[in-house]
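The structure is shown first.

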Amino acid sequence: MSEVNKSPAFWRSFPIFEEFDKDTVAAIAALATYRKWTPGTVIFQRGDEGNYMIAVLSGRIKLSLITPQGRELLLRHIEAGALFGEMAILDDQPRSADATAITATEGYVIGKRAFLDFITHTPNAAESIIRYLCSQLRDTTDRLETIALYDLHARVARFFLATLKQIHGNELPESANLRLTLSQSDIAGILGASRPKVNRAILALEESSAIKRVDGVITCHIGRLQKIAEPEEE
């Protein structure tokens with residue numbers, strides 16, 4: 001495992017580094033330290049100093065918030081091949097959520113000071129990172145739009161489509177299979193709804209033949225999902 005961080009393909013698989021040339025990728029790899037976390041490990045908590053980011057090699061991490069009433073609000077799951085914690089490094093603010101390893105997890109940690117020094121001395125990398133941050137802002141806007149402007153049936157359909165695009169890219173086939181690692185409670189937390197309401201919305205998608213569930217596999221009819229995701233105004 002310790003040799004993976006020397007692979008340019010591994011580091012370029014993260015959007016924040018995908019425009020880096022060979023030498024710049026090598027410089028990033030040299031900053032990384034291999035780490036692993038057992039299931040249930042709290043990696044950091046909301047309010048902690050943001051002094052490193054993590055490139056996930058394997059496993060799964062959840063980002064969540066605890067409400068004043070003691071309820072946990074799931075923000076999202078971090079899967080293998082994702083990078084997180086970079087925002088706190090770049091804006092010099094405390095962590096905005098708790099991060100907990102759900103399964104045995106491996107990854108590479110890049111420290112704040114080393115990364116900021118790297119950006120300072122590598123202008124081309126800094127420009128690439130700015131473009132990445134702009135794309136993240138656009139993604140956040142899309143997520144807020146999904147929650148604020150669409151009913152739950154459309155939000156669930158958009159969730160399925162967004163997940164499929166992470167796998168297949170923006171050009172989706174007519175039909176695609178999806179095996180979710182998230183529970184309905186997890187999806188409810190992401191979409192800002194209750195689990196029973198999400199369950200009813202998923203059943204409605206099945207009744208409209210937009211999806212079909214068999215043995216944990218969801219077969220998605222892309223055209224029907226898109227019509228539900230973007231309902232025509234009356």
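Met53 is part of strand E3, which spans residues 52-58. The model is predicted. Met53 has a relative accessible area of 1%, and because the cut-off for buried is under 20%, Met53 counts as buried.

Beyond its neighbours within four places in sequence, Met53 contacts Phe17, Leu83, Phe84, Gly85, Glu86, Ile89, Tyr108, Val109, Ile110 and Phe115. The C-alpha atom of Met53 is 8.3 Å from that of Ala88, a residue 35 positions away along the chain.

## Salt bridges

Side chains of opposite charge can pair when their charged atoms come close. Across the whole structure, six salt bridges are found. One of them joins Glu19 to Arg131, with 2.4 Å between the closest N and O atoms. Glu19 sits in the loop between helix H1 (8-12) and helix H2 (22-31), and Arg131 in helix H5 (residues 123-149), so this pair ties together parts 112 residues apart in sequence. Glu19 is partly exposed at 45% relative accessibility, and Arg131 is partly exposed at 43%.

Another salt bridge links Glu230 and Arg158, at 2.7 Å between the closest N and O atoms. Glu230 lies in the segment after helix H9 (222-229) and Arg158 in helix H6 (residues 152-168), so parts 72 residues apart in sequence are tied together. Glu230 is partly exposed at 45%, whereas Arg158 is buried at 16%.

## The Arg60 and Glu79 pair

Arg60 is located in strand E4 (residues 60-66) and is buried, at 17% relative accessibility. Its side chain forms a salt bridge with that of Glu79 (3.5 Å, N to O). Glu79 lies in strand E5 (residues 72-79) and Arg60 in strand E4, so the pair ties together parts 19 residues apart in sequence. Glu79 is partly exposed, at 30%.

How values were computed
Residues numbered from 1 in each chain as written. Predicted model: local features only at pLDDT ≥ 70, side-chain atom pairs only at ≥ 80, totals over all residues. Heavy atoms only, no water. Helix = DSSP H or I, 4+ residues; strand = E, 2+ residues; numbered from the N terminus. Buried < 20%, exposed > 50% of the residue type's maximum accessible area, 1.4 Å probe, protein only. Contact = heavy atoms within 4.5 Å. Salt bridge = Lys/Arg side-chain N within 4 Å of Asp/Glu carboxyl O.
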